[in-house]
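Have the model open while you read.

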Amino acid sequence: MDWNQIEKKWQQRWKQAKIFQADPPPKNKRKAKHSKGKLFTFPYAYMNGPLHIGHALTCLRVDIYARFKRMQGYNVLFPFAFHYTGEPLVGVAKRIAEGDQKQIEILVRSGVPREEISKFTDPKYIGDYYRAEAIETVDRIGFSVDWRRQFTTVDPPYNKFIEWQYWTLRDKGYVVLGSHPVVWCPRCLSPTGDHDRLVGEGVSPIEYTLLKFECDGAFLMAATLRPETVFGVTNMWLNPDAVYVRARVDGEVWIVSREAVQKLRDQLHVVEVLEEFEGRRLIGKFCRNVVVGSEVPILPASFVDPGNASGVVMSVPSHAPFDWAAIADLRRNPEVLREYGIDPSIVMGLEPISLIETEGFGEHPAVDLVEAAGIKSQKDKRLEDITKEVYRREFHKGILKKVTGRYAGRGVAEVKKELIADFVSEGKASSLWETAEPVVCRCNTRTIVKILENQWFLKYSDPEWKARVRELLERMIIVPDEARSAFEYTVDWLEDKACVRRSGLGTRLPWDPDWIVETLSDSTVYMAFYTVAKHIYGLGIPAEKLTREVFDYIFLGKGNVEEVAGRSGLDEELLEDMRDEFEYWYPVSLRNSAKELIFNHLTFFLFQHVAIWPEDKWPRMVGANGMIQIEGQKMSKSRGIFITLKEALDQYNADPTRFELAYSAEGLVDPDWRAQEVVSLRRRLELLYDFATNLPETKPLDRDIDPWLLSRVHRHIKAATEYYEVMRNRSALQEGFFDLWNDIRWYMRRTEEYSDVLRKAVETMILLVSPVTPHICEEIWERIGHKRFIVQEPWPTYDEKYFDEELELREKLISDTIEDIKEILKVTRIEKPSKITLFVAQSWKYKILAESLKNREDLIKRVMADAEVKKQGKDAVNYAQKLLKNPRHEMLTQEIEFQTLSEAAEFLAKEFGAKVEVLRAEESKHEKARMAEPLKPGVLIET
């Protein structure tokens, strides 16, 4: 078979037939499943590079679901668009203009011809280049997209849609002017949203508490995320080689690292530097804990990073593993202390102060865990995990002790905000915003945290808004359901978020055009734009006619159509068609994305739909999937661990690529792309093609093996359908492809004449895998005589009347017996047995098993009331105890087992080239007969 020829053939036929162009049927024909359409979407990709297999993984889940639902009779719209907004394209263009060789090599490695590179100084050109490539690769992999609805986020009509979105949000009070901390690029002079970052996606500003420690007429400002632990401070840490400053901050004199000065200024503090000095000047001195009043020594610590927060760290060894490890290091190396003129007895005399009681922890959890792990150095990497464990458990379950004064007896999580507010109002603390890890803008600049004044924010902190989103979450289907907690967590912690930036591509804020709507804020409700894009672009409607009033009518049903038409210059019928199309496709039936977007994009998607539309337009289902790995490693462009979708298609073709992505994992598990596995799956598909297109002759037959296969087919239809419904594609393939094929092979092994059921089984298998591998399934479907596209065939349905548990169990008994015989032959190294005797278990064992299936309570007492069972004495008790320990869930009667194996004796004899005899255990005194159990006959092999 020629993969390229087959894939091109069917892609061309789909295109010619326009089968993925989805339109609402006429209103008078909208009945049952066609009363509403199904809108399935995935987040449009940034066009700053080629589509890669990570994009394909997420998009494939939508395509599989779309194909599955079409075959179930639904009218499905799967549109596609292209994200140009923000810094991604501008960042690439700037780096190319600057001659950044690393960026150039990334482009060349991803397939851009060197002669094209010079044109990549134009952001729009970059986007258009990758857009053309994306359309080609999306078609090549077989995604069932309606291309009439495509757009980019810098198209003038789309800009008008975003303007409408933000006017609507502002009118409802969800876009506000305020002052908030943001991740800020000092080069772009803009907030840096998640998708405008090279490094640090998902990182948000964190508020450190700056606690005051009086020293030499100034305050050492110790930064901490655990201000409650100030009651357990034993010493302070400073980096002796770092540069610190004595500065007047808002009228007070503070001591912080030199790097902290600009941070404070960016966060609206008035800072005047009075002097600079090395940290060693303060080492060995004492400072006063302003909260507690105690005097504590200042000790040297090279681990203190002056670039982190204030560069001043307080030490709480009872509850901070790193602090205890650092003190232990100094005790083991007193010469370090003497270098700074510190008497080692000071450190030897430091005693941990316990301030939090936590179930499962001792008085000093940090000390206990460090010593239990045998940690001998503050550089031991295990300290990270121990620290996370202590902090997590103490925050959620810790109760403050008497030493904390008025806070004693209260939970850490409960009291934390109150405690911080108290310290600040009493003049004992301040604050500083910081990111927990570095964030780098796409312009290649390290960002800072800046408090912006007069900045436009989305008011995600609004309690009423959050309550409505929680209401949506309660009713919405989330696939897999274990992702639900991540959504709930995000809704809880989400605060106001900057929605605009100064630079980059995108839509200008309509009432304040100096600002541009940023990338995660113009990508939340554009699914509504898909519903009318075919009208706007197909008819070439000028952007200036797409007024607020027009979109209000289309998307909200506001206004009188005659008046809207008159003022906008648009045809009345066109407006009604667009309104009808929106009503037909909305709400979004499925939105699927990678799990990392739960914490921003997917949750923002929920917030904004709740804000703009009534409940009947709220999303119905959201899916999340894992993050692709390549040969066990996280995908990374910079490290060269990266496969573009085009590369995968060139090397493996579409269906094998789709099969690998669908079968490699499901749920939130990170799938691992393995080249060897793709090759193996490709070979399996080729075997399927050869087998299905060369089926042996079949005819009407009705032996036990024929209804057995029919029963198995209907069970696989049921299981595969249920798995596809919840996007468990790996499990669906296991049922509909691998397991069904195994059953077909078993059927053909058991008989030399084939019933028409065989053809039904094979056709069912083709239908069940067609959402995943559509090209080869279309080809097979045509080759075996069908005229319609397989994507237009009805989805197989099961009927429980065909389920035959007894027949299935009888065949399982035979196959299990074969495996047992094989295992015995392997262990005994018998190559050519002459005779195999099978012993069906004694009748009394079936009585005990039957009773255990009814009820396991008082099993032994109940079965021993039977005379036959009681006669077996200890053997009966032992078997009953075995069933209690390892319960069985199915059984045949002794007579049916005997009949089944007797009828299969000839088949078994051919399998092993030996005479096969079947006996009841009662007919023999052999030990193998005594050991026989229901569904597990005793096996005696003779040579």
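## The chain as a whole

Of the contacts in the protein chain with a separation of 6 or more, 77% are between residues 24 or more positions apart (contact here means heavy atoms within 4.5 Å). Buried residues make up 57% of the chain's 943 residues; buried is under 20% relative accessible area, exposed is over 50%, and partly exposed is in between, with a 1.4 Å probe and protein chains only.

The chain has 36 helices and 33 strands, taken as DSSP runs numbered from the N terminus (H or I with at least four residues for helices, E with at least two for strands). Its C-alpha trace spans about 100 × 85 × 55 Å along the principal axes.

Keep in mind that this is a predicted model: local features need pLDDT of at least 70 and side-chain atom pairs count only at pLDDT 80 or more, while totals for chains, interfaces and linings use all residues. Residues are numbered from 1 along each chain as its sequence is written, and side-chain values use heavy atoms, with hydrogens and water left out.

## Helix H7 and its surroundings

H7 runs over residues 156–171, which is 16 residues, and reaches 23 Å from its first C-alpha to its last, close to the 22 Å expected at 1.5 Å a residue (the expected span is 1.5 Å times one less than the number of residues). Its buried residues include Tyr158, Phe161, Trp164, Gln165 and Leu169.

What do the buried residues of H7 pack against? Their partners are strands E5 (175–185), E21 (448–458) and E25 (516–517), plus helices H17 (527–538), H18 (548–556) and H21. H7 is followed by Gly173, with a positive phi near 85°.

## H15 against H21

H21 (residues 601–612) also packs with H15 (residues 463–475), at an angle of about 105° and with the axes 9 Å apart. Axes are lines fitted to C-alpha atoms, for helices over the stretch in contact, and angles run from 0 to 180 degrees between N-to-C directions. The two helices are therefore roughly perpendicular, a label for angles of 65 to 115 degrees.

From H15, the contact uses Trp465, Lys466, Arg468, Val469, Leu472 and Leu473, and from H21 it uses Leu606, Phe607, Gln608, Val610 and Ala611.

Thr234 sits in the loop between strands E9 (218–224) and E10 (235–238). Is Thr234 buried or exposed? At a relative accessible area of 7%, Thr234 is buried. Leaving out residues up to four places away in sequence, Thr234 touches a set of residues including Val296, Pro317, Leu350 and Ile353.

Asp580, in helix H20 (residues 572–585), counts as buried too, at 17% relative accessibility.

Most residues other than glycine have a negative phi, and most peptide bonds are trans. Here's where this model departs from that.

A cis peptide bond joins Val479 and Pro480, with omega about -5°, and Pro480 lies in the loop between strand E22 (477–479) and helix H16 (484–493). Another cis bond joins Tyr586 and Pro587, with omega about 10°; Pro587 is in the loop between H20 and strand E26 (588–594).

Lys18 isn't a glycine, yet has a positive phi of about 55°. Lys18 is in the loop between helix H1 (3–17) and strand E1 (38–41), and counts as exposed at 52% relative accessibility. Asn454 also has a positive phi of about 55°, but lies in strand E21; at 57% relative accessibility, Asn454 counts as exposed.

How values were computed:
Angles under 35 degrees count as roughly parallel, over 145 as roughly antiparallel, 65 to 115 as roughly perpendicular and the rest as oblique.
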